[in-house]
Amino acid sequence: MKKYRLLKQFLRGNKAAYIAGIVFMIIAQLLSLVNTFIIGVVIDSVIGDILPEGIAYKGLQLLGGKEHLMHNLWICGLVLVFFSAFEGVFMFLSRKYSAIAGEGIAKNIRMDLYEHLQNSTYLYNTSIKTGDIMQRCTSDLETVRNFLATQFQDLIKCIVLIVASVSVMQKVNTDLTLAGFSLMPIIVLGAFFFFRYVSKKFLLADEAEGVMSTVIEENLSGMRIVRSCATQSREIEKFIASSLDYRNKDLKITVAFAWYWGLSDAICQLQIGVVLVTGIILAVKGEITVGMLTVFMTYVHNLIWPIRGMGRVLGDMGKASVSLGRIQEVLEAPREPGRDDTGLTPKIEGNISFENVSYEYTDGNEVLKDISFSIGKGETLAILGKTGSGKSTLLHLLVGLLPYEKGSIKVDGIELGEINKRHLRKNIGIVLQEPFLFSKTIKENISDNNPDITDADIEKATSIASVDRAIRNFEKGYDTMVGEKGVTLSGGQRQRVAIARTLIGNCKVLIFDDSLSAVDMQTDKEIRNALRKHCADTTTILISHRINTLRQADLILVMEDGRITDRGTHDELIQREGLYKQVYDMQSCVLDMAKAGE
Ligand SMILES: Nc1ncnc2c1ncn2[C@@H]1O[C@H](COP(=O)(O)OP(=O)(O)O)[C@@H](O)[C@H]1O
Ligand SMILES: [Mg+2]
């Protein structure tokens, strides 16, 4: 039922074209049956001497009667050409409107998927596998489109053909009609079961191909490690194994198809043979005319292939249903609340407080436990903690990437959940732990094509982020392409471009999630000094493993296993035994050693 509603949703705006495609197709099919019937009548009643009945009689009279037509056979030819031309026109219209509807449906599915993925929750977006989603947006979409635009129409075409042909055939001769359909059930069922069987095999082969692609992809992207560990021969063995597996599975399908086409063609021809032999026997007995036997032969011939196709469509229907289900799963993923225009849009100053906040990604597994702290406008908060202690999670809660349920987070005294998300993110900028740059120029990455951002703004942001000099040293400067098509930025350069991108927003709160980890100590210091100078009113939150980065903060939190286990200023924390002091001692020791080495 849900799937049906989904299909209706995809059809929106294309219903007229879709129905037109089906109606024109039905007309074209009926015209083709008429055409064949005319040939039968011409053989029997114009060339032969059998008196026509009903509509055939009327038709003959209209064209001048048997005698006249007999001497002017070209008229019959002209009539046939006329009907064939019409059939062609309707066929064309049917194809055209089906294509319009098909493309429209595909566009709707793509739009719906894309829109939903843009607005689904951060948690969902980080949990999905890119390859899997790409497949849902391409091959699953294609399967559904193909079903709606082609296979469903084929099904209707087949039904129309069967009903119309049988109603004509059984009027002429019931015995021959039965003979004409004697093998049809075998043909339909054979196709149905075969395509059901083979679609499972296709699934296995697809999986094997996926495994093989992954081996290649991992090998190529991890080539440096493979080379440096000299594990090429093991990689080759792995590849051969996956390639062989894929070949075997694919071969099974090809052989199965060879059997199927061979056998089913033979049965189809046998069906035509049955009609021919029965027809000849009946014609000899005088129970059927030669003209009508020709009509029968042509009808059966025209029916047999669509009927075989119908079995295939029915067998493939499961595949379309699975694909639709996979698309449906994406469309049912939770949407991020508050993306619309709801919520408050207060002027944000940058006072932040957490009160008894706990968070769990999965039930019963709290990764943040009872977090409480507060910082005022323009202050700096620093967080130190081992990997996995919950630092990033805490920050993601603050920018509304994750929803919090337990406790209270307030920005300038207003509950975070009540603030409009877009507004919140315009005011609270975050540099993520693993920043992503798009395959665009550096300038576009920083300004995001916002026309309000001037070159001077960009230069100021990059200068605070200490990356302006590096950018100017590139041949194309700010117009340098980033990523596969352009230069490969070093980890530190990437981080600094990402910092500039966040700085350009002039946010009231700035969050750096370990954003200086790949930057050397000296540059780290320069950036912090520049930030203090240019963003004095900005509330800053820093995560870092470097005591030097953290030490000037107004408040430092030490996090262990989801809890705040200590807090204070640098001077307070080094007085106490604990993680902070341990890290401090270790880093001073390394520094001392480095100094001694100089
Ligand atoms: N998307 C997620 N789904 C489930 N668990 C997660 C997810 N992200 C992080 N975690 C878990 O939450 C804990 C805290 O992670 P995180 O906040 O990233 O720590 P940190 O930033 O301090 O290294 C870790 O145990 C991590 O495995
Ligand atoms: Mg982290």
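Which helices are included in what covers the buried residues of H8? Among the parts that do this are helix H7 (130-172), helix H9 (184-221), helix H11 (232-284) and helix H12 (290-331). Keep in mind as you read that this is a predicted model.

## Helix H8 and its cover

Let us stay with H8 for a moment. Helix H8 spans residues 174-181, and its buried residues are Leu 176, Thr 177, Ala 179, Gly 180 and Phe 181. The N-terminal end of H8 has a cap, Asn 173. There, a side-chain oxygen of Asn 173 lies 2.9 Å from the backbone nitrogen of Asp 175.

An α-helix has 3.6 residues a turn, so residues three or four places apart point the same way.

Helix H7, one of the helices covering H8, also holds Leu 148. Leu 148 is buried, with a relative accessible area of 6%. Leaving out residues up to four places away in sequence, Leu 148 touches Leu 7, Tyr 18, Ile 105 and Gln 153.

## The magnesium ion

Now turn to ligand 2, a magnesium ion. Which atoms coordinate the magnesium ion? They are OG of Ser 392 and OE1 of Gln 433, at 2.0 to 2.2 Å. Ser 392 belongs to helix H13 (residues 391-398), while Gln 433 sits in the loop between strand S6 (428-431) and helix H15 (442-447), so this pair ties together parts that are 41 residues apart in sequence.

Is Ser 392 buried or exposed? Ser 392 is buried, with a relative accessible area of 17%. Gln 433, at 38% relative accessibility, counts as partly exposed.

Some pairs of atoms show how ligand 1 meets the protein. A polar side-chain atom of Tyr 361 lies 3.4 Å from a nitrogen atom of ligand 1. For Gly 388, a backbone N or O atom is 2.6 Å from an oxygen atom of the ligand. In the side chain of Thr 393, an N or O atom lies 2.4 Å from an oxygen atom of ligand 1. Taken alone, ligand 1 exposes 560 Å², and the protein buries 61% of that.

Next comes a detail of the backbone. Most residues other than glycine have a negative phi, and most peptide bonds are trans.

Ser 466 has a positive phi, near 55°, and is not a glycine. You can find Ser 466 in the loop between helix H16 (455-464) and helix H17 (468-473). At 15% relative accessibility, Ser 466 counts as buried.

Asp 561 also has a positive phi, of about 55°, although it is not a glycine. Its loop runs between S9 and strand S10 (563-568). Is Asp 561 buried or exposed? Asp 561 is exposed, with a relative accessible area of 60%.

## Buried residues elsewhere

Strand S9 (residues 555-560) contains Met 559. Met 559 is buried, with a relative accessible area of 0%.

Ser 94 is found in helix H5 (residues 73-119), and is buried with a relative accessible area of 5%. Apart from residues up to four places away in sequence, Ser 94 touches Gly 21, Phe 24 and Met 25.

Helix H18 (residues 491-503) is the place of Gly 492. Gly 492 is buried too, at a relative accessible area of 7%. Setting aside its neighbours within four places in sequence, Gly 492 is in contact with Ala 518 and Val 519.

## Distances across the model

Three of these residues can also be paired with a partner elsewhere in the chain. The table gives each pair, with C-alpha to C-alpha distances.

| Pair | Apart in sequence | Apart in space |
|---|---|---|
| Leu 148 and Arg 546 | 398 residues | 59 Å |
| Gly 492 and Asn 248 | 244 residues | 47 Å |

Conventions. Residues are numbered from 1 along each chain as its sequence is written. Chains are lettered from A and ligands numbered from 1 in the order in which they are written. This is a predicted model: local features need pLDDT of at least 70, side-chain atom pairs count only at pLDDT 80 or more; totals for chains, interfaces and linings use all residues. Side-chain values use heavy atoms; hydrogens and water are left out. Donors are N, O and S atoms within 2.8 Å of the metal (3.2 Å for Na, K and Ca); water is not among the atoms, so sites may look incomplete. Helices (H or I, at least four residues) and strands (E, at least two) are DSSP runs, numbered from the N terminus. Buried means under 20% relative accessible area, exposed over 50%, partly exposed in between (1.4 Å probe, protein chains only). Contact means heavy atoms within 4.5 Å. A polar contact is a pair of N or O atoms within 3.5 Å; within protein, one must be able to donate a hydrogen and the other to accept it, and residues adjacent in sequence count only if both atoms are side-chain atoms. Accessible areas come from the Shrake-Rupley method with a 1.4 Å probe; for residues, only the protein chains shown count as cover.
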